[in-house]
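Okay, thanks for making time, everyone. Let me put the structure up and walk you through it.

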Amino acid sequence: MAQHVFYHSADFDGYCSCAIVKHRFPKVALHPINYNQPFPWEIIKPEDTVYMVDFGLQPFEQMIRLNASCRLVWIDHHISAIEAWKASGEAILGKREVGKGACELTWEYLYPDV
């Protein structure tokens, strides 16, 4: 069972979100990602946990595929991604909220009592 964190590599919110996941799970594998980059489906196994922070695969059907491929924890604050998720009706673990940074949401999810 592996743990992976995919984080938005284009800004510090993604890096900070990744650092929080790494702090909580020191052995997590780090994967920077940005839009228009291919997703490495071949490394994801059904028993893996994937943290997707400050980022979502597009089109949203790929997030649904990822959710079916592993234990997905998705943390995001981008309104377009959240709206696509709501429209899909897909149940995905994690935390999504507009108005806070992804790093804030990541901390709240992984350290709810701190």
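I'll begin with Met52. Leaving out its neighbours within four places in sequence, Met52 is in contact with Phe6, Phe39, Leu57, Met63, Leu66, Leu72, Val73, Trp74 and Ile75. Please keep in mind that this is a predicted model.

There's a second, separate core too, with 15 residues, and Val28, Val53, Leu110 and Tyr111 are among them.

Now back to the largest nonpolar core, which has 19 residues. Which of its residues touch the most other members? They are Phe39, Met52, Leu57, Leu66, Leu72 and Trp74. As for the elements that put two or more residues into this core, we have strand S3, at 49-53, and helix H2, at 61-69, then strand S4, at 71-76, and helix H3, at 79-88. H3 gives the largest share, 3 residues. As a bit of background, nonpolar side chains in soluble globular proteins tend to be buried together.

Okay, on to the helices. How do H1 and H4 run relative to each other, roughly parallel or roughly antiparallel? H1 covers residues 12-24 and H4 covers residues 102-110, and their axes come within 8 Å and cross at roughly 15 degrees. Angles under 35 degrees count as roughly parallel, so that is what we call H1 and H4. The crossing of H1 past H4 is right-handed. If you want to find the contact on screen, look on the H1 side for Asp13, Cys16, Ser17, Ile20, Val21 and Arg24, and on the H4 side for Ala102, Cys103, Thr106, Trp107 and Leu110. By type, the residues of that contact split into 7 nonpolar, 2 polar and 2 charged.

Next, a couple of strand residues. Thr49 sits in strand S3. Is Thr49 buried or exposed? Its relative accessible area is 4%, and the cut-off for buried is under 20%, so Thr49 is buried. Not counting residues up to four places away in sequence, Thr49 touches Met1, Ala2, Gln3 and His4, plus Arg71 and Val73.

Then there's Arg96, in strand S5, residues 93-96. Arg96 carries a charged side chain, and with a relative accessible area of 16% it counts as buried. What does Arg96 touch, if we skip residues up to four places away in sequence? The answer is Trp74, Asp76, Ile82, Trp85 and Leu105. Trp74 is one of those residues in the largest core that touch the most other members. For a sense of distance, Arg96 and Val50 are 46 residues apart in sequence and 16 Å apart in space, C-alpha to C-alpha.

Gln58 and Pro59 are joined by a cis peptide bond, with omega at about -5 degrees. Pro59 is in the loop between S3 and H2. Asp54 lies in the loop between S3 and H2 as well, and its phi is positive, near 60 degrees, in a residue other than glycine. Asp54 counts as buried, at 0% relative accessibility.

Asn36 also has a positive phi, about 70 degrees, without being a glycine. Where is Asn36? You'll find Asn36 in the loop between strand S2, at 29-33, and S3. Asn36 is exposed, with a relative accessible area of 82%, whereas Asp54 is buried.

That's my tour, so over to you for questions.

How values were computed
Residues are numbered from 1 along each chain as its sequence is written. This is a predicted model: local features need pLDDT of at least 70, side-chain atom pairs count only at pLDDT 80 or more; totals for chains, interfaces and linings use all residues. Side-chain values use heavy atoms; hydrogens and water are left out. A nonpolar core is a set of buried Ala, Val, Leu, Ile, Met, Phe, Trp, Tyr and Cys residues joined through side-chain atoms within 4.5 Å. Buried means under 20% relative accessible area, exposed over 50%, partly exposed in between (1.4 Å probe, protein chains only). Helices (H or I, at least four residues) and strands (E, at least two) are DSSP runs, numbered from the N terminus. Contact means heavy atoms within 4.5 Å. Axes are lines fitted to C-alpha atoms, for helices over the stretch in contact, and angles run from 0 to 180 degrees between N-to-C directions. Angles under 35 degrees count as roughly parallel, over 145 as roughly antiparallel, 65 to 115 as roughly perpendicular and the rest as oblique. A crossing is left-handed if the near helix is turned anticlockwise from the far one by less than a right angle, and right-handed if clockwise.
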